[in-house]
Amino acid sequence: MLQIQNLYKTFQRNTINEKTIFSNFKVDINKGDFITVIGSNGAGKSTLLNLISGAIQADEGNIILNKKDLIQLPEHKRSKIISRVFQDPSFGTSPSMTILENLSMAVNKGKKFNLSMGVYKENIPRFKEVLSQLSLGLENMIDTKVGMLSGGQRQALSLVMATISNPDLLLLDEHTAALDPKTSERIVELTEKIVLDKNITTLMVTHNLHQAINQGNRLLMLHQGEIILDIKGEEKKSLTIEKLLSYFDKIQDNQFISDRLLFS
Ligand SMILES: Nc1ncnc2c1ncn2[C@@H]1O[C@H](COP(=O)(O)OP(=O)(O)OP(=O)(O)O)[C@@H](O)[C@H]1O
Ligand SMILES: [Mg+2]
């Protein structure tokens, strides 16, 4: 469903700061896969999502989604089929607009006049229905400006906005990291519910090992731009922290067991 082939990316080429992060990187992802991605700081997780979404351009390679190579497509065209939620709750929503206006913008995404705020009253029951599934009371606040919401409420709204038009691919980059532990847990539960209900192929970067183990059907660990662990199927279902740590021991490189990764 998503095939990444021969991907190369070097930052600041021909300077003293030149850094090759991906060199002949490849991965194959099936439709409906919910993949958790872990790895130390600087492993290349965000860069991978940025290359897939088109936020940064690859030097070489192919990113094939549903048999179509995206590599030449600019980010705004990819955004019709690829949705993202970022770490910072203020990225996914517009604070000066109401919940209703934000959701209207999300459903208009990809349409010709996608920046128009076109609020269609007939959408309101559908929006309220989707919001009520979050159990945060947002369905009764649709005329509230999003800037008034808490980080958790905004992130829940970002998730709804990112998924309401059923994207082919959902990219989550530590989307719960800025939240307190309880809210983070709640947003991860909501993520799982939405992703499984809608069968959306998803890559979720997290520093939380519990989340990485408990969510999804496949786990990838990146290190220096390479996949050093790929756990799926039955092995993923029965994965525990202890087993995951035993893989670390086998790889015998403590560099990627950052404190943040272990203790979050
Ligand atoms: N625009 C850029 N210019 C130069 N170097 C960059 C750029 N973006 C990323 N890098 C470098 O690429 C490497 C991978 O960065 P990336 O942000 O993908 O890591 P990450 O796995 O997401 O880490 P973190 O867990 O800290 O979010 C790092 O060494 C980083 O400094
Ligand atoms: Mg990152």
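Trainee: Why is Asn-166 called exposed?

Mentor: A residue is exposed if 12 or fewer other C-beta atoms, placed from the backbone, lie within 10 Å of its own, buried if there are 20 or more, and partly exposed in between. Asn-166 has 11 C-beta neighbours inside 10 Å, and therefore it counts as exposed. This is a predicted model, in which local features need pLDDT of at least 70, side-chain atom pairs count only at pLDDT 80 or more, and totals for chains, interfaces and linings use all residues. Residues are numbered from 1 along each chain as its sequence is written, while chains are lettered from A and ligands numbered from 1 in the order in which they are written.

Trainee: What is the phi of Asn-166, and where is this residue found?

Mentor: Its phi is positive, about 50 degrees, although Asn-166 is not a glycine. Asn-166 is in the loop between helix H5 (151-163) and strand S7 (169-173); helices (H or I, at least four residues) and strands (E, at least two) are DSSP runs, numbered from the N terminus.

Trainee: What makes Lys-67 count as exposed?

Mentor: Lys-67 has 7 C-beta neighbours inside 10 Å, so it counts as exposed. Lys-67 lies in the loop between strands S4 (60-65) and S5 (68-69), and its phi, near 70 degrees, is a positive value in a residue other than glycine.

Trainee: Which element supplies the largest share of the shell around ligand 1?

Mentor: H1 does, with 3 residues.
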